[in-house]
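Dear colleague,

I am passing on the structure below, and after it I set out what was found. Please read the notes with the structure open beside them.

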Amino acid sequence: MADLSIDFCGVRSPNPFWLASAPPTNTGDQVMRAFDAGWGGAVWKTLGNPIVNVTSRFGGIDYGNTRLMGLNNIELITDRPLEVNLREMREVKRRYPKHTLIASLMVETKEEWREIIRKAEDTGADLLELNFGCPHGMCERGMGSAVGAEPKVLEEIARWAMEFAKVPVIIKLTPNVGDILEPGEAAVRAGVPAVSLINTVKSLMGVDLDRMVPLPRVGNASTNGGYCGPAVKPIALHLMSQLSRHPACGKLAISGIGGISHWRDAAEFIALGATSVQVCTAVMHYGYRIVEDMIEGLSDFLDEKGMKSVSELRGRAVPAYREWGELDLSYKLVAKIDADKCIGCQLCYVACMDGSHQCIHLPGRTEEESRRAGHTHIPKDIPHRGVTAKAGTPGARVPFVDEQECVGCNLCQLVCPVPECISMAEVPSGQPPETWNDRVAKGTDFVPGGLEATVAARKRSS
Amino acid sequence: MRVMEPKRFELPPGRAEEGFQDKKPLYTPAEAVAEANRCLYCSEAPCIQACPTAINIPEFIRKIGTGNTQGAARTILSANILGQSCAQVCPVEVLCAGSCVYTGWGREPINIGRLQRFAVEATLARKPNLFQAKPPTGKRIALVGSGPASIAAAGLLALEGHTCIIHERKAIPGGLNSLGIAPYKLKGPEALRELEWILSLGRIELRTGVEVVEQAQGPGQVSASELLASHDAVFLGLGLGADSRLGIPGEEGEGVQGATHLIERIKTEAGLKLQGVQRALVIGGGNTALDIAHELALLGVEVGMVYRRSEKEMGGYVHELEGARLDGVRLVENRQPVEILREGGKVVAVKLAATRDGKPVPGTEEQVPAELVVMAIGQERATGVARAFPGVELDARGRVKVEPATHRTGNAKVWSGGDCVNGGKEVVNAAAEAKIAVRDMQRHLAGE
């Protein structure tokens, strides 16, 4: 059994699964139930001066029969009196001393930061998370993402926190920036030991087309909210990895956040540099119980890969995240369709025809029919099956790939509804590995067929 | 433009069919969307190829999924004007759903029939005027019979702006759709509502209680020659004739009924009681036999279905046999009735002989008690009406001969489609044949 416990800036946590600061961590009762379910830590719903919330507060986006591919919210920080939260936090820490309790904080002035940090630490909180991320409501008052998007302001407040805090400080970053390295480097300059990301993405969830009001609707109006859930995971992975592979930011402890729903998501965040992961939407959707699968799945995965602890997994995939210019131009894949598994839906065909490079063909067509259908290249090798199969016989609807033309884009594999029916096979290109950057270095980074002005400029400079 | 008064056809209350539950009830919107979202939206989908009317099924299903229910109904009804009844009566198991890629994959196919029913029913309830007929052309078309083929043809012709006059021999219009469909699929009033919707599409007049004959003898009859003379074209949608008989001793008299006749009674007769009938034997192995056997079983009768060959040689659909068996029908294969036994005039038993190659083997007879015997061994052809039209020819099996690509008969002004041409197929085949005929009639009426 792999060791799931982690060390986050010197704080031990029973596992890397923490609840993000959000409605699931609104009260002591909730957090204690979460710890009972198996969560290793919880970032309390952000503390600050009390606020007033609106109704409604959440908007969801579905895809097909799947509910809540994404969720957005316009709820503000905690709406409960500070003293109630502090009392409950203290009680949680007393009852669950080995679990990680993180206080999320959001106030404005230096004096307010001084006071709230002292009060939060008095509860026994193990870590402080400065909420510089919320992109709705609070940012209009100069807090949340308004701080996260201004590296100088972020740095200044982070320095105050470092001055006041006795426990380690985490800066929670907003994804609503052009370059995540700017706030990341500001955090480094301020001397904080950790960051968490991403907070939610600015969003409008849709429009009520009968009322002509965006969603979620508050009476006759709406406002932009913070978008989270499975749909934001790729954005979060990218932004987090930008920091992980950065020489300075990569030294910070990272708590990864964004669409994590199960152990595999968590493993991916850890492989790209996270020490802990935070979960919100999946719990809002399914409840605290999902942590059982996360613990078990990650533990079995580590065992299977021969890793003894989570720390062995951390950052494993970071070196493989490169610039485009460092990718091997000689690497070649082609799609292979398993005729025995194919169910004949021909989604790969239509996707390749209309959305890619017209290199998947339908069986039984003459050359003329193929050209009429939109193929400009007729394959040399037509599988026997394809031509001989008659309508209604097995194989009659199985498309085939023109391997000479296939650009190996993956699209057919991505649209195929049958697991393992379409695979991408490596084929030797006969070329030594070479990247675009190699070509630039060698001066062979010119592809003919472009603009005259470019060619002229190239001649002039050479 | 003259507006036809909306007609409404009623059936008497207290019909036996009212007690039948819908086997595939109307989806709720949420159910429909969930099922629609299962569809893979195949390219050049096999379900379209399996549909005789080539409805673009993945397209209409996608539209249901996006909330564009009206567009879904438009897609369906543009390809098959009888989209409502076909949704309920089509043997989807052997057509669209049978060819669904999920079926080949060993998974539950998309419930295409139920989705189609939802799209059409939900839309027409809100917006019956989904289509607008073209301006009047002044052309008049006579249609003989008001079953699915004629109704489909009349609807399509009316949308082209032609005036249609339908002649129906019976008092209740709709033919097979209103009188012959198993009530757990489609009830009479549902078929009549669809018929009324088609009548509302344009200039269609439906005359019931009018028989088309060679030479009219009085009121309630009209001569074929008169129809030909006073119309620009004629469509024959004659359907099939009376139930065939076996010709065995004891067959005449009460207690022995033809299958389609009995189904019609279940669907139209008020207060039909199968008094004293505990056990019934249905003779035949086709889909009509399965339908009446299934219906009787649902009415509480103990039903045996007697077929002269083996189960695997049956003409009826496997899924229909399965459904009938689930509701209690017992198949008696390789047996044939040789005599119906009566006591005091009442049927008490049937003498069944074992068969070899479908022929009774003497000396193998046994008596099986039954109070009702239903003959479902086929139907006569409606040959008389067809012959009344000069030039219209019949094949050796009594079917109206047409040119397959045009559905035109030997008479250049007469087209035909449906059961009288194909010998007895599905409603969807009638709709498809009507489409072919109307396309050719259009060319003819346009003077091409």
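The term pLDDT stands for the predictor's confidence in each residue, on a scale from 0 to 100. For chain B the mean pLDDT is 96, with 99% of its residues reaching 70 or more, and for the complex the predictor gives an ipTM of 0.88 and a pTM of 0.92.

This is a predicted model, in which local features need pLDDT of at least 70 and side-chain atom pairs count only at pLDDT 80 or more, while totals for chains, interfaces and linings use all residues. Residues are numbered from 1 along each chain as its sequence is written, and chains are lettered from A and ligands numbered from 1 in the order in which they are written.

Chain A is divided into domain 1 (6-319) and domain 2 (324-426), with bounds that come from an automatic or database domain assignment. The C-alpha centres of these two domains of chain A lie 43 Å apart.

Chain A also holds an open, antiparallel sheet of 4 strands in the order S5-S6-S14-S11, where strands (E, at least two residues) are DSSP runs numbered from the N terminus and two of them pair if DSSP finds at least two bridges between them. Its edge strands, each pairing on one side only, are S5 (58-63) and S11 (201-203) of chain A. S5(A) is joined by 5 bridges to the antiparallel strand S6 (residues 66-73) of chain A, and A:Phe58 stands opposite A:Asn73 in S6(A).

Finally, the contact between the chains takes 11 residues from chain A and 10 residues from chain B, two residues being in contact if their C-beta atoms, placed from the backbone, lie within 7 Å.

With kind regards
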